[in-house]
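Let's go through this model together, one feature at a time. Ask whatever you like as we go.

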Amino acid sequence: MAGKTQFGSRIGLIAATVGSAVGLGNVWRFPAEAQSNGGAAFLLIYIACVALLGIPVMLAEFSLGRGTGKDAVGSFVSLAPRKKWWVAGAVATLASYLILSFYLVVAGWTLEYFWQSITGELYAGVGTEGMETNFRHQMDHLITGSWEPLLSSYVIIAINIFVLMKGVQKGIEKMSNILMPALFLLLVFFCIASLTLPQASEGLKYFFHPDFSKITAETVINALGQAFFSLSLGMGILITYSAYYPKKTNLINTAVTVSVLDLSVAILMGMIIFPAVMSFGLNDESLEGATLVFVTLPEVFASMPFTRFWSALFFLLLLVAALTSTISLAEVATAFVCDRFKLSRRKGCWVVMLPLVGLSSLCSLSQGPLSHIRIFSQNIFDFLDTVATNLMLPVAAIFTCLFLGWIVSKKFLYGQLTNKGRVNIKISAAVIAIIKYAAPVLIAVILIAKFLE
């Protein structure tokens, strides 16, 4: 399947690739990292990490996919048929599948909050006193409940199946062409609204004023980790999607465009979150993870006129980001089973998605009724998150860089990056040097640092 179909337009391939990158990492992880690491100081380091390392590693994955036209495993097999480098692609494919299993759960939470915002149930009986306690109770009830989160996750799975069965152009590309512009419009709309809040200037000053005293080695590691996570590196997504790129696609221009748009989402979220937090006197802890999305922001909306409108609009934004991410993660496994086992797209979708009903159910129930089941002192949800995100992704990225930098012929990578002489050779040479030397070392540093925490 991969390589036999392509994205129909440059706008479509950009929208699909950006959609694969933009997700919860931009929405709740980036503001929390910026808050605890010096605001703009972290932002500047993050931008440097994206430019100097994120884009080169992205180009490595683009080259692998576009150059072979294969899935994340088949691309390694195609270039090294009698060697075991395909394991790197298998690790990336498995990691994306494990991430998908719990990402579907979080997407289900978002869908439930979107629906409760529309109906007003989320804010029923909420007064000006004890709002934080009330919303924390609602979040705990949703996350640890038995049926509500399960049903919502099943709806997300059904949407994924519907889009994936439509194929690359009529499904993934068409969906991305609609949802990604909608996401950016919602972000800009929210940003304008946030800038009208009473303490907006203080929030922007906090976000854009660098506090270099907070910069440590850990800050740099966190910024590099955020760059890799937010760009979906090591997940097999970029290899899979670039297999659908037309051969004339300028990979360097595409990587820069995708990175800039992904970075724009993170910055816009900062411009939304920090003015809101400052204006409503919320504490720093409110920026942490799920608390930010399911407790802090509902507090903000409850304090604003047209509460249900703003709340529904925000959770729609989050739902769009979650959907584009889950579909891109699912496409990695779908492309793999269709390519490796010569299945039709319809059969491949069912093979990939049906087991996720059980896996996502386990992840969801592990937050509540099955919380007593522990794997290395973690519940199933957290264990899969730790193994896939903190271990498998960096390992896959390291071996992808080593494979292209040291194993594959230099002509292959030069050919993909220079695009038959249409791209500056010196730029390509610099990118290849980073892929070959700097990227594997720095990713390994992140991996080691994570396990020493």
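Predicted model: local features only at pLDDT ≥ 70, side-chain atom pairs only at ≥ 80, totals over all residues.

Q: Which residue forms a salt bridge with Asp71?

A: The general idea is that side chains of opposite charge can pair when their charged atoms come close. Here the partner is Arg340, and the closest N and O atoms of the two residues are 3.3 Å apart. Arg340 counts as partly exposed because its relative accessible area is 34%.

Q: How many salt bridges does a search of the whole structure find?

A: The search finds three. Another one joins Arg345 to Glu331, with the closest N and O atoms 2.8 Å apart. That pair also links distant parts of the chain, with Arg345 in helix α15 and Glu331 in helix α14, 14 residues apart. Arg345 is buried, since its relative accessible area is 14%, and Glu331 counts as buried at 0% relative accessibility.

Q: Where do Glu33 and Arg29 lie, and how are they separated?

A: Both are in helix α2 (residues 24–36); being four residues apart there, they are separated by about one helical turn. Glu33 and Arg29 form a salt bridge whose closest N and O atoms are 3.9 Å apart. Both of these residues are buried.

Q: How should I read a nonpolar core, and which residues touch the most other members here?

A: In soluble globular proteins, nonpolar side chains tend to be buried together. In this model the largest nonpolar core has 156 residues, and those that touch the most other members are Phe7, Tyr46, Leu59, Leu183, Phe314 and Phe315. Helix α14 (residues 307–341) supplies the largest share of this core, 20 residues.

Q: What does Tyr46 touch, apart from residues up to four places away in sequence?

A: Tyr46 touches Phe30, Ala223, Gln226, Ala227, Ser230, Asp262 and Leu263.

Q: Is Leu404 buried or exposed?

A: Leu404 counts as buried because its relative accessibility is 3%, under the 20% cut-off. You will find Leu404 in helix α16. Setting aside neighbours within four places in sequence, Leu404 is in contact with Ala60, Leu64, Phe412 and Leu413. Take Leu64 from that list: Leu404 and Leu64 are 340 residues apart along the chain, yet their C-alpha atoms are separated by 8.0 Å.

Q: Which residues make the nonpolar surface patch?

A: Leu44, Ile47, Phe212, Ile215 and Val220 make a patch of about 410 Å². To look at one of them, go to the loop between α9 (200–208) and α10 (217–230), where Phe212 is found. Phe212 is exposed, as its relative accessible area of 53% shows.

Q: What is there to notice about the phi of Lys342?

A: The background is that most residues other than glycine have a negative phi, and most peptide bonds are trans. Lys342 is not a glycine, but has a positive phi of about 55 degrees. The loop between α14 and α15 (345–365) holds Lys342, and at 71% relative accessibility Lys342 counts as exposed.

Q: And what is the phi of Phe376?

A: Phe376 has a positive phi of about 50 degrees, although it is not a glycine. Look for Phe376 in the loop between α15 and α16 (380–407). Phe376 is exposed, with a relative accessible area of 71%.

Q: How many disulfides does the structure hold?

A: A disulfide is a covalent bond between the sulfur atoms of two cysteines. This structure holds zero of them. Cys401, for example, is in no disulfide: the nearest cysteine sulfur belongs to Cys49 and is 14 Å away, whereas a disulfide needs a pair of sulfur atoms within 2.5 Å. Cys401 counts as buried at 0% relative accessibility. Cys363 is also buried, with a relative accessible area of 0%.

Notes. Residues numbered from 1 in each chain as written. Heavy atoms only, no water. Buried < 20%, exposed > 50% of the residue type's maximum accessible area, 1.4 Å probe, protein only. Core = buried A, V, L, I, M, F, W, Y, C linked by side-chain atoms within 4.5 Å. Helix = DSSP H or I, 4+ residues; strand = E, 2+ residues; numbered from the N terminus. Contact = heavy atoms within 4.5 Å. Patch = residues over 30% accessible without salt bridge, like charges linked within 9 Å, V, L, I, M, F, W, Y side chains within 5 Å. Areas by Shrake-Rupley, 256 points an atom, 1.4 Å probe, with all protein chains shown as cover. Salt bridge = Lys/Arg side-chain N within 4 Å of Asp/Glu carboxyl O.
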